[in-house]
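User: Please take me through this model by question and answer, with the cut-offs stated as each term comes up.

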Amino acid sequence: MVKYKERKRLRILGKVLFVCYVLFIIYFLLFSEWYGRTGEMSEYCYNLVLFKEIRRFLTYRETLGTFAVLTNVVGNVVIFVPFGFFMPMASKYRSFFMTVCYSFGLSLCVEVFQLLTRVGSFDVDDLLLNTIGGLAGYILFVICNAIRRRYHAKK
């Protein structure tokens, strides 16, 4: 009975954190004033060549600055780590495959929305980096879940 109540509380906490995270990511990626999202761009910007923007940021890192490179490359990974962590915590779908699919799906939705509304730009590199972030979050979830189970098994 105690395990059931604990799992139920964790699932509710996971759902609350997941919803908060999704609201944050929608605001940050689509409407935040950072990175030129304050208005509609006059022309579509998109990248359909894998590694093109990553390579450009790394090649011109001295011109662009460390902050811009870290924000684009590392930031796109880091921003999806909570998604990969909270998604299996809040859902009954806890598999590696489902987490990767949902991470890719959410990232694709964001990128398509940015393309259609001309707020931000569609970039396949972002799809890859966001999906890697979701995968990293899932791995972190698995590690934390194993630690939690080992701790409760000792009790």
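Predicted model: local features only at pLDDT ≥ 70, side-chain atom pairs only at ≥ 80, totals over all residues.

Analyst: Residues are numbered from 1 along each chain as its sequence is written, and side-chain values use heavy atoms, with hydrogens and water left out.

User: In what order do the elements of the protein chain run from the N terminus on?
Analyst: Helices (H or I, at least four residues) and strands (E, at least two) are taken as DSSP runs and numbered from the N terminus. On that basis the protein chain has seven helices and two strands. From the N terminus on, the elements run α-β-α-α-α-α-α-β-α.

User: What percentage of the 155 residues of the protein chain counts as buried?
Analyst: Accessible areas come from the Shrake-Rupley method with a 1.4 Å probe, and for residues only the protein chains shown count as cover. The protein chain exposes about 10100 Å², of which carbon and sulfur atoms supply 69%. Buried means under 20% relative accessible area, exposed means over 50%, and partly exposed lies in between, with a 1.4 Å probe and protein chains only. Of the 155 residues, the share that counts as buried is 35%.

User: Which residues of helix 5 are buried?
Analyst: Helix 5 spans residues 81–90, and this helix is mostly covered, with eight of its 10 residues buried. One of them is F83, which counts as buried because its relative accessibility is 5%. The buried residues of helix 5 are F83, G84, F85, F86, M87, P88, M89 and A90.

User: How many residues apart in sequence are the parts that the pair of F18 and F83 ties together?
Analyst: Rings of Phe, Tyr and Trp (its six-membered ring) pair if their centres lie within 6.5 Å, and planes under 30 degrees apart count as stacked, over 60 as edge-to-face and the rest as tilted; by this rule the count comes to seven aromatic pairs. F18 and F83 form a tilted pair, at 5.5 Å centre to centre and with 40 degrees between the planes. Because F18 lies in helix 1 and F83 in helix 5, the parts tied together by this pair are separated in sequence by 65 residues.

User: Is the pair of Y138 and F141 stacked or tilted?
Analyst: The ring centres of Y138 and F141 are 6.5 Å apart and the planes stand at 35 degrees, so the pair is tilted. Y138 and F141 are three residues apart in helix 7 (residues 124–154), which means that about one helical turn separates them. Y138 is buried at a relative accessible area of 12%, and F141 is buried as well, at 8%.

User: Which residue forms a salt bridge with E53?
Analyst: A salt bridge is a side-chain nitrogen of Lys or Arg within 4 Å of a carboxyl oxygen of Asp or Glu, and the structure holds one. The closest N and O atoms of the bridge are 2.7 Å apart, and the partner of E53 is R56.

User: Over the face of which residue does R56 lie?
Analyst: R56 is partly exposed, with a relative accessible area of 35%. A charge sits over a ring if NZ of Lys or CZ of Arg is within 6 Å of the ring centre and within 35 degrees of the ring normal. R56 lies at 4.8 Å from the ring centre, over the face of F57.

User: With which residues is N72 in contact, leaving aside its neighbours within four places in sequence?
Analyst: N72 lies in helix 4 (residues 66–78) and counts as buried, at 17% relative accessibility. Contact means heavy atoms within 4.5 Å. Leaving aside neighbours within four places in sequence, N72 is in contact with F57, D126 and L129.

User: Which residues make the nonpolar surface patch?
Analyst: Patches are made of residues with over 30% relative accessible area and no salt bridge, where like charges are joined within 9 Å and nonpolar side chains (Val, Leu, Ile, Met, Phe, Trp, Tyr) within 5 Å. Helix 1 (residues 2–31) supplies the largest share of this patch, three residues, and F31, found in helix 1, is partly exposed at 48% relative accessibility. The patch covers about 400 Å² and is made by I26, Y27, F31 and F113.
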